[in-house]
Amino acid sequence: MLSVTFLGTSAARPTVERNVSALSLQREGETLLFECGEGTQRQMMRYGVSFALAEIFFTHFHADHFLGVIGLVRTLGLQDRTEPLRLYGPRGAKKLLEQAIALGVERVPFPVEIAEVKPGTVLGERGKGNGEGYEIAVFATEHGGSSVGYAVREHERRGRFDPDKARAAGIPEGPLWGKLTKGEPIELPDGRRLTADGFVGPRRPGRLVVITGDTRPCASVVDAAQGADLLIHEATFGEEEKDRAKETGHSTAKEAAQVALAAKAKKLVLSHVSARYSISAEELVKEAREVFANVAVAKDGMTVDVPFDG
Ligand SMILES: [Zn+2]
Ligand SMILES: [Zn+2]
């Protein structure tokens, strides 16, 4: 299972319909939080996102992307949390987040570790289970300063087990099939030893989810999002305000669609929309769809499942 839940989809300030930036990614029982705008903890409650999370990733430190960490850390403390919380963000994260989490509390009763990341950083060897984990690659974005985006990339999966071939080879259904499915060698009751080769197909690609945070359309995002199953790109403005998008380091919906097209992404979801699109963002979808067909605009509380492709 891999899914993303949008907790806040408004740019710069909250509106009645939309809170400021945050989204959670759920994978195999694990929850990761990306951005934590003001009020994110309440959005998590509303939309049933677990507080038992270990990590929060920040793309940059504009107020609408991180102020919520102050209240969230306090609440986690009141819940008698003892497990460490790890925070990741670009240059400046240590100083800024240390100040933020110390604000308004005597003492945080659990360890908070802050790690600074930069384009090229790969947080590898992640995920539970046997050999099919994932990594998070940090890439550059263009939003002034040291902003970054995150690419959540699953490792290749084992090939598909072929029961017909197993039957034809006289391997009895049961635990031996299970071993072959996992790629392990087996020994048959008649003494034959077989490896899994030939009984499982070629390895299959894992899924890729890319989260840009605030950015101009840029080549580093296109590179990071190559073949992405899901690209979550900001689209603060419509075409009407394309000059403003340029001046403020943001993207239009059409520009986000051009990035998705260049990256050959499979699905594009637009987020971080200006307050004028708070009630209806159909105009943004329409502009984007002229360039890239499989596009939707996020809403607070919306969950997007990311299925395996084949
Ligand atoms: Zn923003
Ligand atoms: Zn920003």
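These legends go with several close-up views of one predicted model.

Because this is a predicted model, local features need pLDDT of at least 70 and side-chain atom pairs count only at pLDDT 80 or more, while totals for chains, interfaces and linings use all residues. Residues are numbered from 1 along each chain as its sequence is written, chains are lettered from A and ligands numbered from 1 in the order in which they are written, and side-chain values use heavy atoms, with hydrogens and water left out.

**View 1. An open sheet of seven strands.** Follow the strands in the order β7-β8-β9-β12-β13-β14-β15, and you'll find that the pairing is mixed. At the edges stand β7 (122-126) and β15 (295-297), each with a single partner strand, so one side of each has no neighbour in the sheet. From one strand to the next, the twist averages 15°. Strands here are DSSP runs of E with at least two residues, helices are runs of H or I with at least four, and both are numbered from the N terminus. Two strands pair if DSSP finds at least two bridges between them.

**View 2. Strand β9 meets β12.** Residues 148-154 make up β9 and residues 208-211 make up β12; the two run antiparallel and are joined by four bridges. Look for R153, whose bridge partner in β12 is L208.

**View 3. Helix α10 on the sheet.** Here α10 (residues 282-289) packs on the sheet, touching β14 (268-271) and β15, and its direction makes about 160° with that of β15. Contact means heavy atoms within 4.5 Å; axes are lines fitted to C-alpha atoms, for helices over the stretch in contact, and angles run from 0 to 180 degrees between N-to-C directions. The buried residues of α10 are L284, V285, E287 and A288. Seen down the helix axis, they fall within an arc of 165°, so they line one face of α10. That arc is taken from the directions from the helix axis to the C-beta atoms. These buried residues pack against α9 (253-262), β14 and β15. On the face turned away sit the exposed residues E282 and K286. "Buried" is under 20% relative accessible area, "exposed" is over 50%, and "partly exposed" is in between (1.4 Å probe, protein chains only).

**View 4. Aromatic rings in pairs.** The whole structure holds seven aromatic pairs. One of them is F34 with Y150, a tilted pair at 5.8 Å centre to centre and 55° between the planes. F34 belongs to strand β3 (residues 30-34) and Y150 to β9, so this pair ties together parts that are 116 residues apart in sequence. Both are buried: F34 has 1% relative accessibility, and Y150 has 0%. Rings of Phe, Tyr and Trp (its six-membered ring) pair if their centres lie within 6.5 Å; planes under 30 degrees apart count as stacked, over 60 as edge-to-face and the rest as tilted.

**View 5. Strand β5 between two partners.** Four of the five residues in β5 (residues 85-89) are buried.
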